[in-house]
Each structure stands twice: as C-alpha cells, then as structure tokens.
Amino acid sequence: MTAPPNSSAPLAAPATTDPTAAPSTTPTTTEQPTKSALKKMEKEAALAAKKALKKAQGLVPPPKAGEGKKKEKKVAAVVEEPPFIEVPAGHFKDLSNPMASGYNPTDVEKSWYTWWQASSYFIPALPSKNPTEFSHFDPEPAAVPRDAQGEVDWDRIDKERTFVIPAPPPNVTGSLHIGHALAFGLQDTLIRWHRMKGFTTLFVPGYDHAGISTQSVVEKRLMKTDGLTRHDLGREKFLEKCMAWKEEYQTRITNQICRLGVSCDWDRVAFTMNPALSTAVAETFVKLHDDGIIYRANRLVNWCVAMNTTLSNLEVDQKNLTGRTLLNVPGYPLNEKFEFGVITSFAYPLEGSDEKIIIATTRPETMLGDTAIAVHPDDERYKHLHGKFALHPFLPRRIPIITDSIAVDMSFGTGAVKMTPAHDPNDYEVGMRHKLEFINILNDDGTLNAAAGKEFEGMKRFHARVEVIRRLKELGLYVGAEDNPMAIPVCAKSGDVIESVMKPQWWVSCKGLADEAIKRTRAGELKIRPQTSENEWYRWLESINDWCISRQLWWGHRAPAYFVKMEGKEQDRLSGEFWVVGRDQAEAQKRAEEKFPDQAFVLEQDEDVLDTWFSSGLWPFSIQGWPQQTPDLQHFYPANVLETGWDILFFWVARMVMLGIKLTDKVPFSEVFCHAMIRDAHGRKMSKSLGNVIDPIDVIEGAKLEALHAQLRAGNLVEREIELAEKGQKKDFPNGIPQCGTDALRFALANYSAAGRDINLEILRVEGYRKFCNKLWNATKFAISKFDADYVPLASEKPTGNESLVEKWILQKLNTAAANVNANFGDRNFMKATDDVYSFWLYEVCDVYIEAIKDITAPDAPLEARRSAQHTLYTVLDNGLRLLHPIMPFVTEELWQRLPRRPTDQTKSIMLARYPVQEENRNFADAEKDFDLAFNAIRSVRSVATGYNLNSKLQVIFHARTPALAETLRSAEKALRVLIKGCDVLTIVESESEIPVGCVGENISNDLAAHLLLKGVVNVDQEIAKAEKKKAFQEAAAEKLRQGMQAPGYEEKKPLQVREKESQKLADLEVEITSLATSIEGFLKLKD
C-alpha cells in the first residue's frame, strides 16, 4: 500500500523565514559566577560581537523598538497569493492569474463541476466518427439525452463500447458518510476511466426512500421537536412530514455527491417513490402475484415492537451472550434491565397425578402460549406419559404431551421441551407437523393480550417474564436457572429484542428465483468480486427462505392488494381467498368483479407498505424506464458493474438479480464488485452514538471540534448519547478534522481499497495525500516555468528520435505506469492502481526526471537538447495528469488546463482526453536498463557520501566496463551529475587505471562500478579514531549481551520473546562491528 507523505512534513518548500534574531541579555547577579556561567557569558558575548560586526557591514537591519529584550520567534514570510477570480456557475474557470504558490483545494475545486455539468459531459456521449490522437470524442460530444427521440442516432451506440453503473441509491434518512464517499469515488473512477477510453458511459444517480429508516428518524424528530407521534398527525400529514424530510436530505446528499466530483447524469436522476418507479413496483407485484410467486400467508415473522413492523431475517442481528447478562430494552426506562443469557427450569403438573414434568426455557413468559410438551418417542423416562396431558398453572388449558424425534434431543436437559408454536420458529414447525393450536399472546405494542390470561393481560412482555418467575416460585413449580450462552435476535435499526409472532403477510417464494440466479452465475453471466463474496453468494442462495415483503409502516409503496369486503358475509382476512391485486384501483375493481360476479362489495386497500428492498430490487431496470420499452432500457440495460458493500450482497444484490432475471430475462449487470467496510482508526464500526461517523464534506473542507459537536446536537441522539459521542470525537479529533480536499479524499479511499473486509480509516493519512496534491501542484508549476513564453508542444506526442537517455527512461516509465494502471483498474485493484500512479509521479517524474533536466532546460543550455527535454516534459505532464484524472478529477483538470495545447488538439476537458495506454513507440527498455543501472550507482554514491557527512564538492567516478555503456553514460553526464546532490565533477572512465588513488568504490554490476574520491577530502586519522571508538563501544555491548545469554539458567529464566529479542540485538551488533572494521580498513588504505 502506498505510504503518503509524512503528515508532519509538508512536501512544499518551506517559506522563507527572518534570518535575524535579537541577542538575549545576560542577567546580572551579585554572586561570583560559576565556570559554566562564565563560559555561557563568553559565548553570548562572542555572538553579540559577531552580530554587531554584521550590523556594521549592513548585513543585519537594526532591531525595531522593543527588540533586544528577549529572543523573538522566527516568523514565516507571508506570500501574497493571486486573488481567485469568481465566474458564474457553469462558466469556464478563469485561469488568467498566475498559479498560487501552493495547492489550495478550495480554489482548485471551484467552478469545474458546474462547468462540466453545463457542458453536458456527464450525459452519455457518442464517440466521434473521426477520433483523433487526443480524444475519442468530438470537441462538442454528441450527447444522448434520456429517451431522446429523433435527434439521436441510437444505432450508433455500440453495446460493446457502453459502460453503465446504476449508483446504489443512498437512503434519504440523512447525509452521506465516508462509506458513501468510498463507493461513489470508486464508481466515478471507473466511469471516468471508461469515458476517457472512448466508451459511451452512463452513471445514474438516485435516492432510496428507505421505509423503516426514514419513518424512524422522522418519528424521532417529531417527538423531539413537537412531542407528537405519527398517530397524532394521521397518515396523510405524517407522509407530508416524511416527504419534507426527503426533500431536505436529498438536497444535502446531492450537494455531497457534487462536491465529491461524481460525474453522474443528473438528467436521469431517480427516486424509488417517484411515479415511474412506483409504476414498476405495482407492475412487479401484480405480475409475481399472477405467477403465484407472491402469495399471502399467516406465518411466523420477526416482529420489532419498537418499530411496530415485521422485518426480514436480513434485518435482524444476533447479539451473542456468554451467560447471564442484564440488558436495557427499548421502550423501558434506562435504569430498568432484564435478565438474558439464562435458561430457566420449571415444572408442569400432570393431569390426574402428583407427578410433574420439568422443562427449561430461555423465555419464561412464552409459557403463557404453550400448547404442547414434546418428548422423544424412544425416551424410556416418558413413555408412560405418551398421550397424557399437563395442566397449565395459570390458565385453564390442558397441554398434550406429544412425541417428536426431530425436535427433541433426549440427551439435552430433561429431554422434555415446551412448545409455543405461535412464538418460536422451531416450535412453529412442530406445531405444523402435529396440528397444534397456535396461540398468540402478544399485542403489536409488546404487551400481553387476553390469551395470556387476565392475570397477565396488558403487562409488558419483559415485566411478564419477571412476574411469571415470581408466580412459579409461589406455586412451588420453579426449579432453578443456569447461565446459558446464547444469541438473542435484535432489530438492526432500533436495537429492540425481536419477537416471533404470527402475522398474515405477503410473501415472495424465492426458491425458484434463487435457482435461476445460481444457474446464470455459474454459467458466467455474472462475476462477483472478490472471490470470498462469490462463495457466500452461493451459500446464501442455496439455503434461501421465502421473503416477507409486508411492512406495517406508512412511508413506502403501499401494497397494490385489496380486500374484497362483501356485504353481510363472514370473511377470513388471513387467507388470500378474498384478496385481489391491481396496478391501480380500477384494475383491482375489474378483477374483483370477475372473481365475485353479482356480489356487492367494497375494496379496502392493504394498509401495509412493501419492504424497501422490493422496490430497490428493481433499480437497475426501473431507472431505465421499465416496464416501458424505452431507448434507455434497450441500450443501457443490463448495466456493466454494480459496485456496493459486501454487507448488502443479500439484502439488495441477490434480489436485484432474482427479480431482474424473472422480469427481464437478463442478469441486471455483468459484474458485482464488493468494496470493504470503513471503520474508524480503532477498528470500530461507524456509529453516530460513538461520534465516529465522518461526513465527507468535513474532510474536504475541514471542521473544528466545536462544529463536529454541533452536528451531533442537530441530530436525533438523546443527551446521554450526545455526551458519549462528544467524548469519542474529542479523543479521535482533538484538533478537529484538517482540510484535505476532494482529490486527496478520493485518492486515499481508493488506496485503502484492498481485498479485505474492513478499512480502518485514519484522517491523517488522507491529509498526507493532500500533500501529494501539493507536490503535483509545485512540480507542474516548476515544469511550466521551464517552458519558454512562446513554447508550443509538438503536433504529436510520438517521440522524435532525438531523446536523451533520461528522456527515454521517463517515457519507458510512463509506458509501464500506463500499462499497470489500466490492468489494475481492469482487475478492480484500486490500491495497486493508486500505488502505480503515485510512484510514477513522486519517484520517477518529481524525484528523477524534473531534477535531471534542470540544467538541460536552463536558458543557456543547447537549444536542441533543451527543446527535446521540454517536449518530453510536456508529454510526461500531459499523460501523467490524464493517468491520474479518474481518481483525482479536480486538481488534474486545473493543472491540465494550465498546460499549453498541441496545435491540433481541440479537446476541451481532460475528462474527454484519451486515457494513456502502453505505446510501442515509447518502448525504450534498453535505455531504461542503462539509466536504472546508472541511478543505482548514484544511490550508492549518495549513501557513501552521507556516511562521511559529505554534501558538497563531490568528485565521482563511474567505471564503465564496456565502451557502449561508457558512451551512453557520457551522453547523460549532465543529468546524472545533477542527480548526485552536491556533485562538482562526474567522470566516466573505461579503465580501472584511470580511477584516482584514494577513492571508496562499490561494484554496481558486472558492467559498472561507482567511486567517490575521499583522499584529501576527509581527515583520515579523525575518521579512524571515531570509527574505532564506536567499534569499541559496540564490542563492549555485544560482550555484555553474550555473558548474560551464557549465564546459568538463562534459558529457563528468560521468556522466549525476550531471548529472541536479545539474540536479534546481538546479531545486529555483530553486523555493525564488522561494518566498522571494514570502514577502518578502508581508511587505513587511504593513508598508504
């Protein structure tokens, strides 16, 4: 993974500081000064005299009033920046002012997005009939508006050259968080990459109504601000509140997406509850119902008391407990906790006998709904009870004792199991097999109903748990309780403990749909990355259950199902017999009349809405106009890539695939790429209550700690959660969040994107990439300064044949970077792609090429060499910015627009320029090999010079052992000398006899050696004395370690970890001692 520049060391050149400082005054004292004080006074007097001399010579300005009393801090000189020129939204940015001294993300990011949008660059475009070397598109690209008729030649769209991403629609529950920034950044990177490769690209944005989540936040806000419930308002008024919330947060989300530079087609923006998509929902429900795939059944569901709705299994989390645990439950006072993780045993008295049968349960309150006790048919302990009855201690109910070899394990507990078929999934199956009575004891609000008996009716469920145990003890039926490791189901949204209850709901039969999805995936129609996600995909589809799509909410798509209420007739609402469906009420009316001819009836639409994932499951094709056969549907469906988090692979992706195949006979996309989940720097899940949820705008603009606190208070958190969150923010962001800019954020998130499941995000790392942006800025600014005022790039970027060694080397490196980045984008290896482009810019362009051509591009350099270096520099900058653009759109557009254009290049934006690829005419493998060899020699010389504290007036000799290499190096002598910092003389020799006496050398390869002249440069005796002193110190340390390691009992007394550490330390000391001995030997040779 690329390491960003150290966040504490800016890449920009440090600002000039004031070289003067007032001398400090010596304090007076009546005591005789000590020797050390006298020495200090002598030093200060000498320093003052030195400064006085400089002042007399006019080198130091006189101190201002007040100076001289204490040493002033050095103050950085203030650089006056050229003012930013504002332009109206949608207009091209005014770049007439000189470049600023450093990168400023605020100014760089202004204006570009609205200009891109106003120029219709985000709308799908047809490639030019006459593409150029510079772009696949015409200067004014032929755009394809949504479902355009007549004015667009749809036949020009090549399905093989289209690239479509349906953006996963963010929920309108709140603003985007950093995880959304990751997703949008990766998707936009792919879109921009394909657009630059000449594809007709479409990135469709949109929003999800998010039924449960949005209704929940609106209800919380309503209670917090007005003290009202949704029932106080009524359905219609409450839905108006939800719509107002949706409008507010959709606007916020839109702004965030734009700030992230996402090039999506806003003319095609969608919302899951807009009329077109609502039509698709109704069409799907009716079609699946007609095909028998949607059916109505009274079955066990997951019931969330807090949300007052059913949930799918995917919306239920499992909270693991190791034993007895006291937990607070939503809807109860915060100081009231209930016992979980315990198995309670109690006895049922047997009818007509003094005998009792002992059972155990983790939910004692559910015994009020027991309708059987099951034992194994082969269990000798209970054979005499087969067919007998137990008596309920609180209710007038006889409980049959049944036998069941599937549900009962004789070796577990007492071997007798209570059955509550209306409140437990396993018991439900037993109840169906044995036709037991299903008794529901729970109201929707979590209180017990009349079926639980008058003693418990109206009591809240966990109060009933406590009361049942108390009454069992009173009756002498309580046996005991033990710790019981277990998992309790909780609502992923509210945290409430889920109850299994019987509800008449609409269900989707999934087995057949899943089988077809598996078949198509195995056939290669769908690729899922990474591989771990594909394995889970098959496991989940192979064990799929039917899908409950009813939700007891108001916000969402109301089920297009109608109960046919007949006059004067008893009807069962639980079955589907008296229900009809219709795309609208008129169709339902017609169907009811056909089903019940000559009957008087009234239609009552189902009050329930559909699961959010039902409408989201239609997203890839409903946004293209389905069920209408639109041009968009014909040309932009199926999509190419669905990029999403692995956590909703089953919530959403599987349902899109199943419904897409069923309704369109096509897999809705050919690839699913699952990105990692973002956690905080400590590895914790992002949570508002922890205060670690990060708004991408805060990273882009920066945010003070106080502003982060204020955001918490604007939300729905209660005071205790706010206090906890504020503590978390203060710990993680004591100084707030630094301004990083969009490009740095996008680059950092892409670089984090590995194959792993989690990303531990560190904001300081993002800040490091802002410094990378600053490096790009300064490098481009410096490079532009190397172009003459009248410089015009060559008509083509093809090499001229006159390139020097270092030019050929950088062009080969450009070729390598282009090949690698393209390959890694294709493999969705965003980490490696960012590593490649980062390394190219930082270590090859900035550290080597720009440094190497400083002398070659100087005004007094030979014109032909200077022009060639300039042309290559332009090619490198142009291609390097294009290479980086898909990840960093703003800074690359800004810098690219500041470059001169080739004479025939009419490309108006970098986003329409060709993406760099490997070019045969830039293949200079031999030159790369030669220059890399020379650069290894340069590194060797630098290292040797550093070892002797030499940083100037270096005399370097390269010994080339072949005439061809010697000639090549001599041709690049000027560039090589510049790269050896502080080098005065670089000599290329072909014979060992030409190497001066008194050099220290290192063999680089069979063909090259590098030497640094030391004789007459360093004080040999002094260096020998220093090395011998250090060697003696290291030898003493090594001997001390050896003695300790050889002491009796060392192996037994010292832990293995300590022994390994000391062994490594000894080995390091021995290597250093050998190195110092070699160094001393080398110095002694210099004396000869």
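## Surface and burial

The accessible surface of the protein, calculated by the Shrake-Rupley method with a 1.4 Å probe, comes to about 50700 Å², and 51% of this area belongs to carbon and sulfur atoms. The structure is a predicted model, in which local features need pLDDT of at least 70 and side-chain atom pairs count only at pLDDT 80 or more, while totals for chains, interfaces and linings use all residues. Residues are numbered from 1 along each chain as its sequence is written, and side-chain values use heavy atoms, with hydrogens and water left out.

Of the 1088 residues of the protein, 51% count as buried, where buried means under 20% relative accessible area, exposed means over 50%, and partly exposed lies in between (1.4 Å probe, protein chains only).

## Overall fold and charges

The protein has 32 helices and 35 strands, which are DSSP runs numbered from the N terminus (helices are H or I with at least four residues, strands are E with at least two). Along the principal axes, the C-alpha atoms fill a box of roughly 115 × 90 × 65 Å. Among contacts (heavy atoms within 4.5 Å) between residues at least 6 apart in sequence, 76% join residues at least 24 apart.

The protein has 135 positive and 149 negative charges, and their mean positions are 5 Å apart. Lys and Arg count as positive and Asp and Glu as negative, whereas His and the chain ends are not counted; the place of a charge is taken as NZ of Lys, CZ of Arg, CG of Asp or CD of Glu.

## Aromatic pairs

A search of the whole structure finds 43 aromatic pairs, that is, rings of Phe, Tyr and Trp (its six-membered ring) with centres within 6.5 Å, called stacked if the planes are under 30 degrees apart, edge-to-face if over 60, and tilted for the rest. The rings of Phe621 and Trp626 have planes at 90° and centres 5.4 Å apart, so this pair is edge-to-face. Phe621 is buried, with a relative accessible area of 0%, and Trp626, at 7%, counts as buried too.

Tyr838 and Tyr843 also form an edge-to-face pair, with 6.2 Å from centre to centre and 75° between the planes. Here Tyr838 is buried at 1% relative accessibility, while Tyr843 is partly exposed at 43%. Elsewhere, ring pairs link Phe285, Trp506, Trp547, Phe563, Trp579 and Phe614 into a cluster.

## Charges over rings

A charge sits over a ring if NZ of Lys or CZ of Arg is within 6 Å of the ring centre and within 35 degrees of the ring normal. Arg299 lies over the face of Trp507, 4.4 Å from the ring centre, and the charged end of Lys854 sits over the ring of Phe782, at 5.5 Å from its centre.
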